[in-house]
There are 2 protein chains.
Amino acid sequence: MTLLANARILTMDAGMTEHDRGWLRTGGSRIAALGGGPAPPPLAGEEVIDCGGDIVMPGMVNSHCHMTMTLFRGLGEDVDDRLFRYVLPLERQAITPRTVRIGSTLAALELIRAGVTTVADMYYFEQEVGRVVDRAGLRGVVGQTLADFAPPDARTIDEGLALTEDLAGEFRGHPRVTPSVAPHAPYSTGLAAMARVAEWAALNPGVPVQLHLAEMVSETEWAARTHGCRPVEVVDRAGLLRPGLIAAHCLFVTEADMDRMAEQGVGVAHNARSNAKAGRGIAPVAGMRARAIPVGIATDGPMSGNTLDLFAQFAPVSMFQKLLGQSRRPMPARDVLRMGTIEAARVLGLAARTGSLEPGKEADLIRIALADPRLHPVWDPYATLVFAALPTDVTDVMCAGRWLMRGREVLTLEHDRVMADAMQVAGEFGAVVAAIDGARA
Amino acid sequence: MTLLANARILTMDAGMTEHDRGWLRTGGSRIAALGGGPAPPPLAGEEVIDCGGDIVMPGMVNSHCHMTMTLFRGLGEDVDDRLFRYVLPLERQAITPRTVRIGSTLAALELIRAGVTTVADMYYFEQEVGRVVDRAGLRGVVGQTLADFAPPDARTIDEGLALTEDLAGEFRGHPRVTPSVAPHAPYSTGLAAMARVAEWAALNPGVPVQLHLAEMVSETEWAARTHGCRPVEVVDRAGLLRPGLIAAHCLFVTEADMDRMAEQGVGVAHNARSNAKAGRGIAPVAGMRARAIPVGIATDGPMSGNTLDLFAQFAPVSMFQKLLGQSRRPMPARDVLRMGTIEAARVLGLAARTGSLEPGKEADLIRIALADPRLHPVWDPYATLVFAALPTDVTDVMCAGRWLMRGREVLTLEHDRVMADAMQVAGEFGAVVAAIDGARA
């Protein structure tokens, strides 16, 4: 039991309730109560923390990520054919349960330090990722990725589904780790395999489906050429455009596509920075939100977006919609923060448990210090958080009632060990990259 | 005399020379020598600092800013008519030498903490800003702003020019503070007044001219309606499109405008984030750079861009050009970093003194720790700095051979006093804002 007192509480609940000076009490993994004004008397054995006016808000939710790819961060920047030049060869040669474990542990360390308490991941050997998320104390939706390009852990879709069965078997009913199945994308999984995933998913109702969708012009061309329709329609034909689908990217969607997505209860993980860095474009977020499609902020893998913190995404998410709308008004700071908390939780099917501070919900919360000169004055706390705050302003992180970080010290992972392991693997990868570059020279 | 040893030196010189393990020696305000490998033996009385492999690079250059407006940071976010609703009334009522001094001191504290050693400023009571820049130990180009809307310090252009004379008189020949004259913008200063500034500037060759140019659609409309030409042509007719002109924004420039700007030796301060947050658009940076127009990164005032650090600008600067170019290739990380250092120095006419680490140039440099998990692995140090590093990774800052910050402690300003003064003034401004909001309600 913990009692946070003297906090500036941004609940992110439906009414955007704020308590300029408030308190919050946890009980077990949950929020027992919260309110404005002076804290109630502490209970026996309760830890009381005076937050000194700091912000307390929900832990952030990163709705699409490839945690292991921290190991590729900054590799092949500005190179258009990086996927075929670097990523696929490196993944075939170097992605193993060990490197997945080490890379996703580095990611978990970064996520906690940035105030992210929930992450949706898609990668290979995903059981390892689930175990890392569990060990780090985070909440996660961990998706075993299936693809027809023979990824490093499965030569066939059958083998991929078998890995998914293992993953679901290990984590079904886990309080924080939700197993998930992740067909890579329409063009890289194919209609027949997606239809098999749809059948499997229908038999496994607690296992959400994630995929990349409508991310590239070449994907739109593939769908037209191969199926005479648009990518969203291919997914629909496969039976995957269904309630709870977590669709990442969705840049190239028409009004009709969005109508259908809204009708089917699909959620979108919006990777603003990754999409822009690739020169691909800006997702029509205004159109999605106008249809009440839940849209969550996401970082994508760190080879695309470099970091896993949502702070780096906030300004781009807002700026891009203001540019499209040619006005300051679209995507105000408070909407951006909703997309990084409660709306992202909705995308992941976790809105009943996390994403806002309300009694009965899980105690997933963070404390943010407003001490830095860069943050002052605070005319509007949402603007301060969205346009000026940094991951390093997060001081404390709690997930499911357990402290993962206090005073910027991560408690669930051994910082130095995590870094040493990651540097070791990066060195091994360096040799592979040198060989790739050498073969081209 | 200081000897930095065991540093990863990014010189940002013309050849982009790097020393993976290098050293740098200062002498007085300058860089005496630098090189790769182990440091030479220390001289008598020399302070030796082992940088432990940290990055040492030039201090960053913020080529357009309104330092005092830190006090307005986050006010009127997402409000299209904020200029008339908040800014102008607040400036008339509340901008005095005292509030300019206090606001620009808060900005100086933030700049130093973010590794910015040179700043170009435009505001009112600019003599106060010059004194603050001097006291903080920063390098600056401080521009007395002139406008025909009766700004708080001058009812007429004559009064504004008198203030400029005072400013130039105080700082002419100063080793770090360059006085400057800043007609606000074509539409707000007018052709006749700009022509007077041009005459004055011709008689004062050490005083560069700064102005806002081609920032808004309404400005293009004004120029067409009033003068039958484009904003750049109005400035040209006034005689201000001249070598050394520092033109901020330049969103709405044609190919012909850019040809003329290149021919006349104009430099551009590129405010990517401010322009995007206002929904105004993206400056055609590729076209400028193709013409060898120097383009420097800038934050604009913190009411527009929220923070004064260049890290928050780097990703937008790159992403926007990749979006326009529909490819990963435009504006690679090393070009972005050049635009935040040596190219910005060129815009300000200071490239012979700062912006790169070369013997004989001023010792304006920063040290950046690569300790954070978010920064690893480092495949490419430029990508790490541009897409993953944060102001809080800057540990030490030197300007003109003097340490302004060591181990994140600012040495030239009293942190707590600066913050207390700023909070006091923010409170006073709050009363004015409440009255403005009350009058509207």
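Student: Is α2(B) mostly covered or mostly open?
Tutor: Mostly covered: 14 of the 17 residues in α2(B) are buried. Keep in mind that we're looking at a predicted model.

Student: What span should helix α2 of chain B have, and what does the model give?
Tutor: α2(B) covers residues 97-113, and at 1.5 Å a residue those 17 residues should span 24 Å. The end C-alpha atoms are 24 Å apart, which agrees.

Student: And what does the backbone do just after α2(B)?
Tutor: B:Gly115 takes a positive phi there, about 80 degrees.

Student: Switching to the sheet. How many residues of β8(A) are buried?
Tutor: 8 of the 8 residues in strand β8 of chain A, residues 139-146, are buried, so the strand is largely enclosed by the rest of the structure.

Student: Which residues sit on which side of β8(A)?
Tutor: A:Arg139, A:Val141, A:Gly143 and A:Thr145 are on one side, with A:Gly140, A:Val142, A:Gln144 and A:Leu146 on the other. Both faces are covered, and each of these residues is buried. As background, side chains in a regular strand alternate between the two faces of the sheet.

Student: How many bridges join β7 to β8(A), and how do the two strands run?
Tutor: There are 6 bridges between β7(A), residues 116-123, and β8(A), and the strands run parallel. The chain gets from β7(A) to β8(A) through helix α3, residues 126-136, in a right-handed β-α-β crossover.

Student: What about β8(A) and β9?
Tutor: Those two strands are parallel as well, joined by 7 bridges, with β9(A) made of residues 177-183. β8(A), helix α4 (residues 157-171) and β9(A) form a right-handed β-α-β unit.

Student: Where does A:Ser29 sit?
Tutor: A:Ser29 is in the loop between β2 (18-27) and β3 (30-36) of chain A. A:Ser29 is partly exposed, with 17 other C-beta atoms within 10 Å.

Student: What does A:Ser29 touch, leaving aside its neighbours within four places in sequence?
Tutor: A:Ser29 is in contact with A:Pro175, A:Glu362, A:Ala363, A:Ala400 and A:Gly401. There's also a distance to A:Met1: the two C-alpha atoms are separated by 9.0 Å, with the residues 28 apart along the chain.

Student: Where's the cis peptide bond in chain A?
Tutor: From A:His376 to A:Pro377, with omega near -10 degrees. A:Pro377 lies in the loop between β14 (365-368) and α16 of chain A. In chain B, a cis peptide bond joins B:His376 and B:Pro377, where omega is about -10 degrees.

Student: On to the dimer contact. How many residues does each chain give?
Tutor: 50 residues come from chain A and 50 residues from chain B. On chain A's side, the elements giving two or more residues are α2 (97-113), α10 (272-277), α13 (311-325), α16 (381-387) and α17 (415-440). The largest share, 6 residues, comes from α13(A).

Student: How do the residues on chain A's side divide by type?
Tutor: Into 26 nonpolar, 11 polar and 13 charged.

Terms used. Residues numbered from 1 in each chain as written. Chains lettered and ligands numbered in written order. Predicted model: local features only at pLDDT ≥ 70, side-chain atom pairs only at ≥ 80, totals over all residues. Buried ≥ 20, exposed ≤ 12 C-beta atoms within 10 Å, placed from the backbone. Helix = DSSP H or I, 4+ residues; strand = E, 2+ residues; numbered from the N terminus. Pairing = 2+ DSSP bridges. Right-handed = clockwise from strand over helix to strand, strands pointing away. Contact = placed C-beta atoms within 7 Å. Expected span 1.5 Å × (residues − 1). Nonpolar A, V, L, I, M, F, W, Y, C, P; charged D, E, K, R; others polar.
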